[in-house]
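Here's a quick briefing for anyone opening this model for the first time.

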Amino acid sequence: MSASSIPPHRLHIKRGRPVSVTSGASDFLRANDKIAALLPAIQRNLALQRDCEAVLSSLFELCEVMQLADGQLVLAASNAAIATKLKQQCPKLQLKLQERGWQINAIRIKVQVKRVIEKPLPVKQLAIPETAIQALSNLEKNIEKTAQNADLRAALTRLLSRHRQSGDEK
């Protein structure tokens, strides 16, 4: 990275040090007195999340840091199987995090099942007029039975059988 590609930094007027450029969300959080108190905890949890991912990369993709209080780290696992695997890795994780400077005496794991509500697929409400069904049926009966027409005949058969099934339900 060349010196010309480094973005210019704002300088703190009194101290002459670079001031970090923040996003609009951080500026908003800092501006609100009640929410500003949460910002250090959020930043700490994000840093801890990154360190946990560095230690247990593939496993920690399905987990997240919930809380760090009084030396106890609480992690959320997406299901019981992940929680079990994570529990086996707790001693390693605790040691590596302590090596990185985190004051962690214990690790607790909570299973946080996220309820996924799948949207039902929309049912196609295509109504084929009876005259079209008769025409397709005649085509299916009268088309030559050759190898070239086999796929067309099969498609017509499937189309007509589906329409007849849905027509029977009405």
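β3 and strand β4 (residues 72–77) run antiparallel and are joined by six bridges. Keep in mind that this is a predicted model, where local features need pLDDT of at least 70, side-chain atom pairs count only at pLDDT 80 or more, and totals for chains, interfaces and linings use all residues. Residues are numbered from 1 along each chain as its sequence is written, and side-chain values use heavy atoms, with hydrogens and water left out.

**The sheet**

- Glu-64 sits opposite Ala-76 in β4.
- Three strands make up an open sheet in the order β3-β4-β5, and the pairing is mixed. (Two strands pair if DSSP finds at least two bridges between them; helices, H or I with at least four residues, and strands, E with at least two, are DSSP runs numbered from the N terminus.)
- At the edges you'll find β3 (63–69) and β5, each pairing on one side only.
- From one strand to the next, the twist averages 25°.

**Helices on the sheet**

- α3 lies across β3 and β4, at about 130° to β3. (Axes are lines fitted to C-alpha atoms, for helices over the stretch in contact, and angles run from 0 to 180 degrees between N-to-C directions.)
- α5 lies across β3, β4 and β5, at about 160° to β5.

**Where the two helices meet**

- The axes of α3 and α5 come within 10 Å and cross at roughly 125°.
- That makes α3 oblique to α5. (Angles under 35 degrees count as roughly parallel, over 145 as roughly antiparallel, 65 to 115 as roughly perpendicular and the rest as oblique.)
- On the α3 side, the contact is made by Leu-48, Asp-51, Cys-52 and Val-55, and on the α5 side by Lys-92, Leu-93, Lys-96 and Leu-97. (Contact means heavy atoms within 4.5 Å.)

**The salt bridge**

- The structure holds one salt bridge (a side-chain nitrogen of Lys or Arg within 4 Å of a carboxyl oxygen of Asp or Glu).
- Its partners are Arg-100 and Asp-51, with the closest N and O atoms 3.2 Å apart.
- The pair links distant parts of the chain, 49 residues apart: Arg-100 is in the loop between α5 (80–99) and β5 (106–111), while Asp-51 is in helix α3 (residues 39–55).
- Arg-100 is partly exposed, at 44% relative accessible area, whereas Asp-51 counts as buried at 17%. (Buried means under 20% relative accessible area, exposed over 50%, partly exposed in between, using a 1.4 Å probe and protein chains only.)
- Leaving aside neighbours within four places in sequence, Asp-51 is in contact with Leu-97, Arg-100 and Trp-102.
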